[in-house]
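Subject: Handing over the model

Hi,

Here is the structure I promised to pass on. Could you load it and follow along with the notes below?

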Amino acid sequence: MDEVTQAVENLKSEWSQAVAQLEVCIAAIESCGKMGKGTEEAMSLPRLNGSAQDALQLLNALQCRLDLLAEQLPTFEEVQSGQATLGSWKEQYQRLRATLRSANLQAKVNIGKAAQEERELLLGGGEESTIRRRNLQTKAGMTSAAESITESLRRSRQLMVQEAERSANTLSTFDESTSVLRMAEGEYQGHRSLLMCTRGMLSTMQRQDVLDRIILTIGFLVFSLAVLYVVSRRIGLLTLQRKLADAIRSGSVSAGDILAKVQEGPAPTNAPYDEL
């Protein structure tokens with residue numbers, strides 16, 4: 001069974017126990033004053049109401065815990081069931097509060113009737129009235145001391161419950177913070193690997209940029225040399241043509257001689273040696 005589902009089942013068990021305890025307190029409050037001991041039962045009424053209020057606070061805390069756990073159930077059907085249980089708990093909580101108010105009203109009526117009967121008995125005189133008065137004084141002192149001790153214990157218990165709830169909330173906050181930190185660590189690891197890949201790509205692009213610059217520089221130099229070579233050759237041909245034209249104009253060389261030299265072709269490389 002899932003941990004959340006098990007926690008919900010434990011909450012249901014605690015709810016049943018708290019409801020049973022509250023119903024016992026309500027029944028005891030409602031029966032106050034019916035035994036003919038108005039003063040004694042009136043003094044025990046605050047203790048019963050304190051226990052009932054503790055039970056109501058526990059029920060309210062259980063509702064809050066179920067509201068938090070219902071959203072964390074593993075399946076959609078279980079979430080709907082948890083929400084339905086929470087709705088029924090809220091309705092039962094309101095009914096129990098109304099029943100507690102009715103029980104207190106009934107207890108006040110019963111205690112008033114019992115106190116009236118005791119006053120009539122005490123004012124009647126006689127030995128029975130004297131004994132009754134002494135017993136009431138003794139029981140009133142004992143009941144007052146017991147009530148003060150019970151109230152002190154109830155306050156201590158309430159403080160302990162509050163501290164336990166505060167510690168549970170602190171632990172849940174720590175767990176949530178731990179999960180958030182783990183998620184942040186995972187995201188950081190993912191971003192770190194992405195940054196490493198990006199850094200490698202940037203290094204490759206920088207190397208490629210340097211290589212492209214070198215290639216472009218070499219290409220530009222080769223192109224410039226080729227242009228210079230072509231221009232130089234072109235200038236040489238133009239100079240030769242200009243010289244030939246000047247020679248033809250001056251008459252030092254005729255066009256026939258030039259054609260004859262062109263037809264004869266270039267002189268052999270060993271011509272100077274033959275002349276020698």
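The structure holds one aromatic pair (rings of Phe, Tyr and Trp, the last by its six-membered ring, pair if their centres lie within 6.5 Å; planes under 30 degrees apart count as stacked, over 60 as edge-to-face and the rest as tilted). The partners are Trp 15 and Trp 89: their ring centres sit 4.3 Å apart with the planes at 0°, so the pair counts as stacked. Trp 15 belongs to helix H1 and Trp 89 to helix H3 (residues 76-122), so the pair ties together parts that are 74 residues apart in sequence. Trp 15 is buried, with a relative accessible area of 4%, and Trp 89 is buried too, at 5%. For those labels, buried means under 20% relative accessible area, exposed over 50%, and partly exposed in between, with a 1.4 Å probe and protein chains only.

Before you go further, two notes on the source. This is a predicted model, where local features need pLDDT of at least 70, side-chain atom pairs count only at pLDDT 80 or more, and totals for chains, interfaces and linings use all residues. Residues are numbered from 1 along each chain as its sequence is written, and side-chain values use heavy atoms, with hydrogens and water left out.

On to the overall layout. The protein has six helices and zero strands, so labelled from DSSP runs numbered from the N terminus (helices are H or I, at least four residues; strands are E, at least two). Buried residues make up 20% of the 276 residues. The protein exposes about 20400 Å², and carbon and sulfur atoms supply 60% of that; accessible areas come from the Shrake-Rupley method with a 1.4 Å probe, and for residues only the protein chains shown count as cover. Among contacts (heavy atoms within 4.5 Å) with a separation of 6 or more, 73% are between residues 24 or more positions apart.

Now the inside. In soluble globular proteins, nonpolar side chains tend to be buried together. The largest nonpolar core here has 30 residues, and Trp 15, Leu 22, Ile 29 and Leu 59 touch the most other members. A nonpolar core is a set of buried Ala, Val, Leu, Ile, Met, Phe, Trp, Tyr and Cys residues joined through side-chain atoms within 4.5 Å. Which elements give two or more residues to this core? They are H1, H2 and H3, and H1 gives the most, with 10 residues. If you want a place to start looking, take Leu 22: not counting residues up to four places away in sequence, Leu 22 touches Ala 52, Ala 55, Leu 56, Leu 59 and Leu 96.

Thr 85 is another one to click on. Thr 85 sits in helix H3 and is buried, at 14% relative accessible area. Leaving aside neighbours within four places in sequence, Thr 85 is in contact with Lys 12 and Leu 66.

Then the charges. How many salt bridges does a search of the whole structure find? Four, where a salt bridge is a side-chain nitrogen of Lys or Arg within 4 Å of a carboxyl oxygen of Asp or Glu. Here are three of them:

- Arg 65 with Glu 14, the closest N and O atoms being 3.6 Å apart. This pair links distant parts of the chain, Arg 65 in helix H2 (residues 38-70) and Glu 14 in helix H1 (residues 3-30), 51 residues apart. Arg 65 is partly exposed at 42%, and Glu 14 is partly exposed at 31%.
- Arg 166 with Glu 163, at 2.7 Å, N to O. Both lie in helix H4 (residues 127-250), three residues apart, about one turn of the helix. Arg 166 is partly exposed at 44%, as is Glu 163 at 46%.
- Arg 213 with Asp 209, with the closest N and O atoms 3.0 Å apart. Both are in helix H4, four residues apart, about one turn of the helix. Arg 213 is exposed at 53%, whereas Asp 209 is partly exposed at 37%.

Ile 218 is found in helix H4 and is partly exposed, at 49%.

Cheers
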